[in-house]
Amino acid sequence: MVDIYILDLFVIGLLLLAVTLGSGWISRLPFSFALIYLVVGIILGPYGFKLIQVQPNAEFLQRLTEFVVIVSVFSCGLKMNRPLQLRAWQITARLIGFLMPISIVALAAVGHWLLGMNWGAAVLLGAILAPTDPVLASEVQLADIDDEDELRFGLTSEGGLNDALAFPFVYFGLHLFKDPNLDNWFKQWVAVDLIWAIASGIVVGIAVAKAITWIDRKLQKRRPADVLMEDFVALGTILVTYSLAEIVNGYGFIAVFVAGLVVQRNYADNLEKRESELEFVERIEKLMEVGTILLLGSLLRMQPLWQYLGNSLIVAGLLLFVIRPVGAWISTIATNPPVEHDRRRLHPASRWLFGWFGIRGVGSLYYLFYAFGEGLKDSAAEQIAWITFTTIVISVVLHGISATPLMSWYERRIRGKSRRAKHATLPEQSE
């Protein structure tokens, strides 16, 4: 008998070859790579060929998803190509400042009044599912460092930031779950989990990225790094930034996103360096995505999925078809894209696409496993877990099928029309 581990390596190798060599065809099909990984994970799991027989504990899954997220949010930071001005980032401010709280409050209300959860568990469910996912959303993110599209910029910056800024609400839900008396912990939550953790994360992200890029420039003048090793500077920056932020009790996710943003700005004069780092980080991200989604598919079990199917469909249906779209529409009222030659308001189709592309994925998995480690247990833990798993699966399927055709339509009908209108006005303005 061949060892199952060897068979796993063989199958994963075949999968990587298939999706890599066939990526040119797959990218044109109406489904995402993540959907392929999920289906393969289910096939290799207990309901298929039973080749994936590992039962990882919550701590391992937390660390795995944690690493995937920090790589992904750093990648989002590297893609940011706008000046640090409020007008340039207004769509991000709206999606984070309005849409995310709307999503959390609405999901908490659904959990409490429709599913019968206590308020602590309901808020925790909202905080876990509110963040959009930067890992599985590459189809709708900025295509490259020169892409200035408002829809893609908004979705990329939102994915990079709300995985970090959901953390205070996760802590709020955990505190409320353990102790319903706000007087015992609310002031500490505001001071530590809200103000200090966000501020220190931002400071660490700026300081570490500036220090590393300064050292890198100085050393490169004296003796350039080996070409094969140079890209590892990006990975080292991610790990140092994240760990230092966590040491000072800051949010490592926001520190890493800010570090990516600072690195991008500090290498603004070195296009080759920026592109090289982004390509390297994206390769790591894609590789980790394969393992994470494969594992998710293998973890799915029919009995608990069926047991909580009603609750899951209520939450997923309202989140994907009501809460996110309506919240995005409200949050983007009177939004003016900061495009030099286009002062029109954000196109209605773009506003609905912001609402549809609230992709859930690895970020929600991380918060779920983190909550397990912080004391979420018993029936509440099981209910939240299977609602989260089911919602992510539904999101992977629906968004995986719709992303390619919708973005192709957007590029042709909305973005293409905007470009033509912009170029048509240029001769008049030059006169």
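A: The largest pocket has a volume of about 880 Å³. On a 1 Å grid over the protein atoms alone, a pocket is an open set of points with protein on both sides within 12 Å along at least five of seven lines, whereas a cavity is a set of points where a 1.4 Å probe fits but cannot get out, and lining residues have an atom within 4 Å of a point. Grid points are joined across faces, edges and corners, and a volume is the space filled by probe spheres set on the points. This is a predicted model, in which local features need pLDDT of at least 70 and side-chain atom pairs count only at pLDDT 80 or more, while totals for chains, interfaces and linings use all residues. Residues are numbered from 1 along each chain as its sequence is written, and side-chain values use heavy atoms, with hydrogens and water left out.

The largest pocket is lined by 37 residues, of which Phe33, Ser138, Glu139, Lys286 and Glu289 are the closest to its centre. At least two lining residues each come from helix 1 (4-21), helix 2 (23-26), helix 3 (33-44), helix 13 (271-299) and helix 18 (378-430); helices here are DSSP runs of H or I with at least four residues, numbered from the N terminus. Helix 13 gives the largest share of this lining, seven residues. Sorted by class, the lining of the largest pocket holds 18 nonpolar, ten polar and nine charged residues, where Ala, Val, Leu, Ile, Met, Phe, Trp, Tyr, Cys and Pro count as nonpolar, Asp, Glu, Lys and Arg as charged, and the others, Gly among them, as polar.

The largest cavity, with a volume of about 60 Å³, is lined by Leu61, Leu64, Thr65, Thr292, Leu295, Leu296, Leu299, Leu365 and Phe369. Two or more of these residues come from each of helix 4 (58-79), helix 13 and helix 17 (362-373), and helix 13 supplies the largest share, four residues. The lining of the largest cavity divides into seven nonpolar, two polar and no charged residues.

The second largest cavity holds about 50 Å³ of space, and around it stand Thr132, Asp133, Ala137, Val140, Leu155, Glu158, Gly159, Phe357 and Ile359. Its lining has five nonpolar, two polar and two charged residues.

Helix contacts complete the picture. Helix 7 (residues 150-165) and helix 12 (residues 252-266) pack at an angle of about 150°, with their axes 7 Å apart; axes are lines fitted to C-alpha atoms, for helices over the stretch in contact, and angles run from 0 to 180 degrees between N-to-C directions. Helix 7 is therefore roughly antiparallel to helix 12, since angles under 35 degrees count as roughly parallel, over 145 as roughly antiparallel, 65 to 115 as roughly perpendicular and the rest as oblique. In this contact (heavy atoms within 4.5 Å), Ser157, Gly160, Leu161, Asp163, Ala164 and Leu165 of helix 7 meet Phe253, Ile254 and Phe257 of helix 12.

Helix 15 (residues 309-331) and helix 16 (residues 348-356) pack at about 135°, with axes 7 Å apart, and are therefore oblique to each other.
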